[in-house]
Amino acid sequence: MPTAAEPMENLDQIGREISACTDCALSRNRNRAVPGEGPSDADFVLVGEAPGFNEDQQGRPFVGAAGRLLEELLSHAGLSRGQVFITNTVKCRPLNNRDPLPGEMAACRKYLDRQLEVISPKVVVTLGRYSLASFLPGEAIGKARGRPRNVNGTIVYPIYHPAAALRQQALRKVIEEDMQKLPELLKAAPQPQEGPQEEQLSMF
Ligand code: URA
């Protein structure tokens, strides 16, 4: 916990550090870093994979085709983009939209952890297998999706990445259904004053 001498940092400060970061090779080719965006008291944090071309140009997450679909999917759950915090496992674009490497994800993880510490969301929604791997290593997306877990008092809720539905139309319905469960997850989320996390596990 931060003390009076050590105030809680804020998202802007973390964003500035991300924009100046040179801790991995992705920084060499970036146009703009993409720290993430949304309210600092968001109940939901959505963690995607990595910025793509449009995100790298604009410095904002999910602004391309996958972003438009994400907004539509959120609206099915009665949520708008402005109500959730959206970020990625790595904050700089891998060239040619290749998958992020384990070392890049590891180098960037500290920023995600700090963002989560500031926001303290009720639910972390992992979008796709790379984001899933960074919260629940070794789990397969096909089995893990749609099954919320209590990870140290925070609900981690894996779903498919919206881009998967752009490639494979059949997945769209699955993502829609998983997304629609977000409001009920919030109701079931552990309250800070409630008991140890093991008691919460029975909910799911
Ligand atoms: N896909 C992602 O995973 N993140 C973005 O920001 C955009 C597309």
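1. A residue is called buried here when its relative accessible area is under 20%, exposed when it is over 50%, and partly exposed in between (1.4 Å probe, protein chains only). By that criterion N150 is buried, because its relative accessible area is 8%.

2. The model is a predicted one, in which local features need pLDDT of at least 70 and side-chain atom pairs count only at pLDDT 80 or more, whereas totals for chains, interfaces and linings use all residues. Residues are numbered from 1 along each chain as its sequence is written, and side-chain values use heavy atoms, with hydrogens and water left out.

3. N150 belongs to strand β4 (residues 149–151), strands being DSSP runs of E with at least two residues and helices runs of H or I with at least four, numbered from the N terminus. A polar atom of the N150 side chain lies 2.8 Å from the backbone nitrogen of G153, and the C-alpha atoms of N150 and V123, 27 residues apart along the chain, are separated by 9.3 Å.

4. Beyond its neighbours within four places in sequence, L182 is in contact (heavy atoms within 4.5 Å) with F44, L74, A77, L79, V125 and Y157.

5. At the ligand, one oxygen atom lies 2.7 Å from an N or O atom in the side chain of H161. A ligand nitrogen atom is 2.7 Å from an N or O atom in the side chain of N88.

Notes:
Polar contact = N/O pair within 3.5 Å; in protein donor to acceptor, adjacent residues only side chain to side chain.
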